[in-house]
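Here is a short briefing for a first look at this structure.

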Amino acid sequence: MRLLIVNPNTSSGVTARIREAAEAVAHPGDSFTVCSAAFGPELIVTPEDTRLAVEGVLAAVAAHRAPVDGIVLASFGDTGADEVRALRPGLPVVGIAAAAYAAARTLGGPFGIVTFGTRLAPALRQSAERHGHGDLLLGVEALNDVDIGDPGSVQARCAGGLADLARGMAAQGAASVVLGGGPLAGLAGKIDAGLPVI
């Protein structure tokens, strides 16, 4: 399978995390091209960030000329999904939020979302509702606002706290937990939350 995987923010550290997570699940013969948005913010938080990020994603997709079987947008806003579908009609375009919520629904039962900053929590709740999974959403828990600094290093600095939040979600009845945010790519396999973690 040939995939173009686009990090809609411009953090090289986050893109490296996404590449590592993708390579960890690759099968023989798979070909994954991982890149950042051509320009835009290092972390997508505000509506203006989103607008700039969509433009950067479209530029990155337009610049990729090699044939692909699908495109993955590795942000929890599924940033630019509709625009990329219009740019590349006929190609499957999947955002990681839509994929995570679908997996949580498949696992069954209520799910929770944990993330690394309270500023991100409202958008994650809205994302789950927009994708039609609000009925199963137990809640969104976030670490108290931390100095995010380099988004590429946030998971290394916050892994313990995120694992604690995931365990708390399990105690509230979550059957699974979504780790919300592209900077957390690959973290699920590195923390033991005592429950399925997506």
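Buried means under 20% relative accessible area, exposed means over 50%, and partly exposed lies in between (1.4 Å probe, protein chains only). By that scale K190 is partly exposed, with a relative accessible area of 47%. This is a predicted model: local features need pLDDT of at least 70, side-chain atom pairs count only at pLDDT 80 or more, and totals for chains, interfaces and linings use all residues. Residues are numbered from 1 along each chain as its sequence is written, and side-chain values use heavy atoms, with hydrogens and water left out.

**Salt bridges**

- A salt bridge is a side-chain nitrogen of Lys or Arg within 4 Å of a carboxyl oxygen of Asp or Glu.
- The structure holds seven salt bridges.
- K190 pairs with E20, and their closest N and O atoms are 3.0 Å apart.
- E20 lies in helix α1 and K190 in the segment after β7 (176-179), so this pair ties together parts 170 residues apart in sequence. Helices (H or I, at least four residues) and strands (E, at least two) are DSSP runs, numbered from the N terminus.
- E20 is partly exposed, at 42% relative accessible area.
- R105 forms a salt bridge with D135, with 2.7 Å between the closest N and O atoms.
- R105 sits in helix α4, and D135 in the loop between α5 (121-130) and β6 (137-142), 30 residues apart.
- R105 is partly exposed at 34%, whereas D135 is exposed at 59%.
- R167 bridges to D164 at 3.1 Å between the closest N and O atoms. Both lie in helix α6 (residues 154-171), three residues apart, about one turn of the helix.
- E48, R51 and E55 are linked in a network of salt bridges.

**Aromatic pairs**

- Rings of Phe, Tyr and Trp (its six-membered ring) pair if their centres lie within 6.5 Å; planes under 30 degrees apart count as stacked, over 60 as edge-to-face and the rest as tilted.
- A search of the whole structure finds two aromatic pairs.
- F76 and Y101 have ring centres 6.2 Å apart and planes at 75 degrees, so the pair is edge-to-face.
- Y101 and F111 form a tilted pair, 5.9 Å centre to centre with 35 degrees between the planes.
- Y101 lies in helix α4 and F111 in strand β5 (residues 111-115), so their pair ties together parts 10 residues apart in sequence.
- F76, Y101 and F111 form one aromatic cluster.

**A buried threonine**

- T15 is found in helix α1 (residues 12-24). At 5% relative accessibility, T15 counts as buried.
- T15 touches N7, V34, C35 and S36, not counting residues up to four places away in sequence. Contact means heavy atoms within 4.5 Å.
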